Amino acid sequence: MIKKLIFAMSFLMAIAVFGQKKDDTQAVTDAAEKLRLAMISGERAALESLIVPELTYGHSGGHIDDAKEFIEKLVSKKSDFLTIDITNQNVSIVGNTAIVRHHFYATTADLGKAPGDVTLDILLVWAKVKKDWKLLARQAVKSDKKNK
């Protein structure tokens, strides 16, 4: 009887863990989409709600922004994304950390510069803070891929 009870409890715990991971994967996917939209809109409140104060945001050219610099560039339109298309996104969750990789294609109109196109591969690291997923780190590398 005890063996059956232990088996049943183990089975229910496994289902709960699998369900939680599936829910977290969707929550991270949703957070990444909110980040994409916030980067296009440049809305300070939306951007601030998606990041931790310790954010480290790496650009493909080697420059690294902190949280304040990341937000100010988007709000001021120094970095201005007209469109951002994301493809080939993969989400992996390890405990309270999520790793997201995707291909990033954007059109830009950065303040003081000619319009441009950006093709990158991105690594995002998200941390679960209470019930929300917040961006902790981002690193971009240049990509030859032009497919959307």
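Student: Why is Asp24 called buried?

Tutor: Asp24 has a relative accessible area of 9%, and buried means under 20%, exposed over 50% and partly exposed in between, with a 1.4 Å probe and protein chains only. So Asp24 counts as buried. This is a predicted model, where local features need pLDDT of at least 70, side-chain atom pairs count only at pLDDT 80 or more, and totals for chains, interfaces and linings use all residues. Residues are numbered from 1 along each chain as its sequence is written, and side-chain values use heavy atoms, leaving out hydrogens and water.

Student: What does Asp24 touch, not counting residues up to four places away in sequence?

Tutor: Its contacts, meaning heavy atoms within 4.5 Å, are Ile93, Lys128 and Trp133.

Student: What makes a set of residues a nonpolar core?

Tutor: Its members are buried Ala, Val, Leu, Ile, Met, Phe, Trp, Tyr and Cys residues joined through side-chain atoms within 4.5 Å. The largest one here has 29 residues, and Leu35, Met39, Phe70 and Trp126 have the most contacts inside it. Beyond four places in sequence, Leu35 touches Leu50, Phe70, Leu124, Trp126 and Leu135.

Student: How many residues of each kind line the largest cavity?

Tutor: Eight are nonpolar, one is polar and two are charged. Here Ala, Val, Leu, Ile, Met, Phe, Trp, Tyr, Cys and Pro count as nonpolar, Asp, Glu, Lys and Arg as charged, and the others, Gly among them, as polar. The lining includes Leu35, Met39, His102 and Arg138, so His102 falls among the others, as polar, and Arg138 is charged.

Note on methods: 1 Å grid on protein atoms, 1.4 Å probe; cavity = no way out; pocket = protein on both sides within 12 Å on 5 of 7 lines; lining within 4 Å.
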